[in-house]
Amino acid sequence: MGRESATVPCMTAPATSAPSARRLRTRAALLAVLGEHGTLSRAEISRLTGLSRSAVSSAVTDLLDEGLVSETTAPTAADLARPAGRGRRAAAVTLRRAHALVLAFDFGHTHVTAAVADTAGTVLGEATAHLDVDNHPREVLDAARILADRALGAAGHRLEEITAIAAGIPGALDTRTNVVRAPSTLSQWIGMDPAAELGRVFDRPVTVGNDAEMGARGERAYGTGRTVNDLVYVKASTGIGAGLLLDGRIYRGASGISGEIGHIQLPDTGTWCRCGNRGCLESVASIVEVRRRLVHVLAPGARPDEAVDLPPLDHLADVPAAARVIGEAGRTIGRVLADLVNCLNPAAIIIGGELGQAGAPLVHGIRESVDRYAQPAVAEAVDIRASRLGLRSELYGAIDAAVAIATTR
Ligand SMILES: [Zn+2]
């Protein structure tokens, strides 16, 4: 992971001498209060940390040498509270936000990943656990805290140094109320406010978004969509959702629930969907359905209730029967995306999620349907590609969202 091992206490610590444990603690305490308050005088740092003026002074000198802070005569909170002209303005120490740290979470249906990153998006420490996210929100929040501690440990940092937190969740989040809405595969999360819950656990500013929205952010900031202002990110997994970036901005819709393409009805399909309708895209082209069909062609003798280990999807392009199943799922998803392409005229469609790992056969299937059903001029304008971030688009999107908070505070 990243550039540092778990034993290196700081990402830019000089390699020439090993600082003492006390010095590291002092340094971490300074970074923590500066992370929280932004700009402080040395006296304020001393008061807030309980450290002596000389210890603060020595640590500030070290941080200045490392370029982690700058010292200016910019007004501190105390200066602003003082009547104009009263008192001497002390030099103020400011944390350079380029060195701020963020914490990002990717919540999937069966996993949680926590990552510590700097504002350049470099992941410094990461930890993942596999658990039933949909049905156990309390346990998931407990796990988030444990995973954050592990990721911080691997990065050699402390929670107090984290400036902002962001998380992607695999469910519909109402941006008016911040609560999870039905229908959702996150059945036990409905009515919960995940940002408030995470805020209570971590006592830091938190933003939470839908996973497909985070995927779009991740691709735009760190993936294959960096040069694109109009893109559709498709998370094709247990559910199928789209994150929309329009004119360079994430589009959430009136209540934050845009992009639910998994519940667009396909003609001539009668399969019941969990939302209560029949013929939704998700009911015929989710990873669950595709795996079921792959078992049928790759292990034809398997009983319906038998657990069959399939090869990874990206190994199946050269297995004709499997590539046909994946291609058919691509054409089905492409049928819905063709309508979206007609409406939005995007420059790129980026396919992620578990099914997105199938690569070429899936992308070709989608391309076929978009060319067949979208208007030629808009079909021609859209580039359809698999995510290069693999299953990490959502995590990188959460990093980008947290960095946005950290650098604007
Ligand atoms: Zn549905």
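## Strand pairing in the sheet

Strands S2 and S3, the latter spanning residues 92-95, are joined by four bridges in the antiparallel sense. Within this predicted model, Thr72 lies opposite Ala92 of S3. Helix H3, residues 53-66, packs on the sheet and touches both S2 and S3. The direction of H3 makes about 110° with that of S2.

The sheet as a whole is open and consists of three strands in the order S1-S3-S2, with antiparallel pairing. Its edges are formed by S1 (39-41) and S2 (69-72), each of which pairs on one side only. From one strand to the next, the twist averages 30°. In general, the strands of a sheet pair through backbone hydrogen bonds, in either a parallel or an antiparallel manner.

Four residues coordinate the zinc ion: His263 through ND1, and Cys273, Cys275 and Cys280 through SG.

The site of the zinc ion is tetrahedral, with angles of 105 to 124° among the four donor atoms. For reference, the ideal angle for four tetrahedral donors is 109.5 degrees.

Note on methods:
Residues are numbered from 1 along each chain as its sequence is written. This is a predicted model: local features need pLDDT of at least 70, side-chain atom pairs count only at pLDDT 80 or more; totals for chains, interfaces and linings use all residues. Side-chain values use heavy atoms; hydrogens and water are left out. Donors are N, O and S atoms within 2.8 Å of the metal (3.2 Å for Na, K and Ca); water is not among the atoms, so sites may look incomplete. Four donors count as tetrahedral if all angles lie between 85 and 135 degrees; four count as square planar and six as octahedral if opposite donors are over 155 degrees apart and all others between 65 and 115; anything else is irregular. Two strands pair if DSSP finds at least two bridges between them. Helices (H or I, at least four residues) and strands (E, at least two) are DSSP runs, numbered from the N terminus. Axes are lines fitted to C-alpha atoms, for helices over the stretch in contact, and angles run from 0 to 180 degrees between N-to-C directions. Contact means heavy atoms within 4.5 Å.
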